[in-house]
Amino acid sequence: MSKTFSISELAAEFDITTRSIRFYEDQGLLHPSRRGQTRIYSSKDRVRLKLILRGKRLGFSLAETRELFDLWDETLSGSEKQLQLLLKTINGKRAELEQQLKDIAMVQLELDSAEARCLEALQELEQKKMTVE
């Protein structure tokens, strides 16, 4: 018999709220069985939750994660399709991050320039104070 998990066990293991887990279930990403009102999560649900959280850290949307899961579930060849989609998504995320890095570098240059102008203006004010006194 494969190991099962309660919602509180998964929440504690992954340091997230039970509400988050229920949200992922509502989004169709997790499919626990039920014993009365109690949710029973399988090892597959646990792995999916781990992948959801990893994807979230990497900037994947829930829609992108769902698409990967759907491909995996859909066919035996889903593995190859899933990997191709994952590579495409990774390349897209990498391009986004590279653009963000360029944008950050540009903002840093603009801040450096603004800081230099402020310091110059302060120096000029100090010099004017000195000549007036």
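Biologist: Which residues of helix 2 are buried?

Modeller: This is a predicted model, in which local features need pLDDT of at least 70, side-chain atom pairs count only at pLDDT 80 or more, and totals for chains, interfaces and linings use all residues. Residues are numbered from 1 along each chain as its sequence is written, and side-chain values use heavy atoms, without hydrogens and water. An α-helix has 3.6 residues a turn, so residues three or four places apart point the same way. In helix 2 (residues 18-26), I21, Y24 and E25 are buried (under 20% relative accessible area, with exposed over 50%, 1.4 Å probe, protein chains only). Helices are DSSP runs of H or I, at least four residues, numbered from the N terminus.

Biologist: Why do the buried residues of helix 2 line one face?

Modeller: Seen down the axis, they fall within an arc of 105 degrees, so they line one face of helix 2; the arc is that of the directions from the helix axis to the C-beta atoms. The face turned away from the buried side carries the exposed R19 and D26. Just after helix 2, G28 has a positive phi of about 80 degrees.

Biologist: What lines the largest pocket?

Modeller: Rolling a probe the size of a water molecule over the atoms shows where empty space is left. A pocket is an open set of points on a 1 Å grid over the protein atoms alone, where a 1.4 Å probe fits, with protein on both sides within 12 Å along at least five of seven lines; lining residues have an atom within 4 Å of a point. Here 17 residues line the largest pocket, with L51, L68, F69, Q82 and L86 nearest its centre. Helix 3 (43-57) supplies the largest share of the lining, six residues.

Conventions: Helices (H or I, at least four residues) and strands (E, at least two) are DSSP runs, numbered from the N terminus.
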